[in-house]
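Subject: Structure handover

Hello,

Here is the structure I promised to pass on. My notes follow below it.

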Amino acid sequence: AENDFQNKTVCVTGAGRGIGKSLALRLAELGAKVIAVSKSDENLKQLAAQNNKIIPVCVDLCDWNATKEAIKPHLPIQLLVNNAAVAILDSFLEVKPDDFDSLFNINVKSIICVSQEIACDLIERKMSGSIVNVSSQAASAALKDHSIYCASKAAVDGLTRVMAMELGAHQIRVNSVQPTVVLTDMGRIGWSDDKKAAGMLSKIPLNKFAEVEDVVEPIIFLLSNKSQMINGVSLPIDGGFLAT
Ligand code: NDP
């Protein structure tokens, strides 16, 4: 699969930290030109300093027009990972309308925005592509205090299936991944409490959380030609959590 990424441009959203950052670095190592999109300039600068194949694009993905403008100069982009998201936790009865709006804006609507821009261009140029949306085990299982987060990730998987269906004829594949807990900044929001962590670990057959690399490598597989007949799936990366 190494050669898959030579001379390819890959866009990774949410590349400033966590899973997106490791993914951007790994793809650059494999020879891809990486368009690294994220909100905070400081994080992006640190990332771009580590590999000159990484091109930082600083934009708030909640701003639809600004996002399209920021992506345009970097087209064509054949590979895309929609990874940026936030977690806002609250009990269902306490969910705030503004939290719903901001969470769905970044976790769901920005995927539509970025993917439209990139896919429209590929279709015009008659180029194939592969898109991976980063969902979560939370798309398929209830997690306490995660109601709007779970809803947003279920929306990501629904969107993934329709994108796969409609873009398939243009040889653009679309899949999602559903990781279990990874102790990034986001992971720590929900799972740094020992008791909560123990409760989750007891439900994961492999009895451990995922490492960033455990998520990065399956995403790279889904981007690569090794998965060329895989389209419209949501792949758990959860140590068996969703199987039990
Ligand atoms: P992090 O919080 O560590 O990183 C999120 C990245 O997204 C940051 O770089 C952040 O930018 C960027 N981002 C957030 N909002 C915006 C915005 N409005 N505009 C541009 N960029 C934005 O998250 P993770 O690495 O943990 O998560 C990555 C993906 O994996 C997410 O989709 C998450 O839902 C999913 N996931 C995570 C799990 C976990 O336990 N960690 C488990 C299952 C799924 P900045 O650096 O500027 O803040």
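Asn7 sits in the segment before β1 (9–13). Asn7 is not a glycine, yet its phi is positive, at about 65°. Helices (H or I, at least four residues) and strands (E, at least two) are DSSP runs, numbered from the N terminus.

The model is predicted: local features need pLDDT of at least 70, side-chain atom pairs count only at pLDDT 80 or more, and totals for chains, interfaces and linings use all residues. Residues are numbered from 1 along each chain as its sequence is written, and side-chain values use heavy atoms, with hydrogens and water left out.

Next, the ligand. A backbone N or O atom of Asn83 is 2.8 Å from a ligand oxygen atom. For Asp60, a polar side-chain atom lies 2.9 Å from a ligand nitrogen atom. A backbone N or O atom of Gly14 is 3.5 Å from an oxygen atom of the ligand.  The ligand on its own has 900 Å² of accessible area (Shrake-Rupley method, 1.4 Å probe). The protein covers 94% of that area.

Now the helix pair. The axes (lines fitted to C-alpha atoms over the stretch in contact, with angles from 0 to 180 degrees between N-to-C directions) of α3 (residues 64–71) and α4 (residues 97–125) come within 10 Å and cross at roughly 35°. In α3, Trp64, Thr67, Lys68 and Ile71 make the contact (heavy atoms within 4.5 Å). Their partners in α4 include Lys109, Ile112, Cys113 and Glu117.

Last, a cis peptide bond joins Leu75 and Pro76, with omega about 0°. Pro76 is in the loop between α3 and β4 (79–82).

Best wishes

Methods
Polar contact = N/O pair within 3.5 Å; in protein donor to acceptor, adjacent residues only side chain to side chain.
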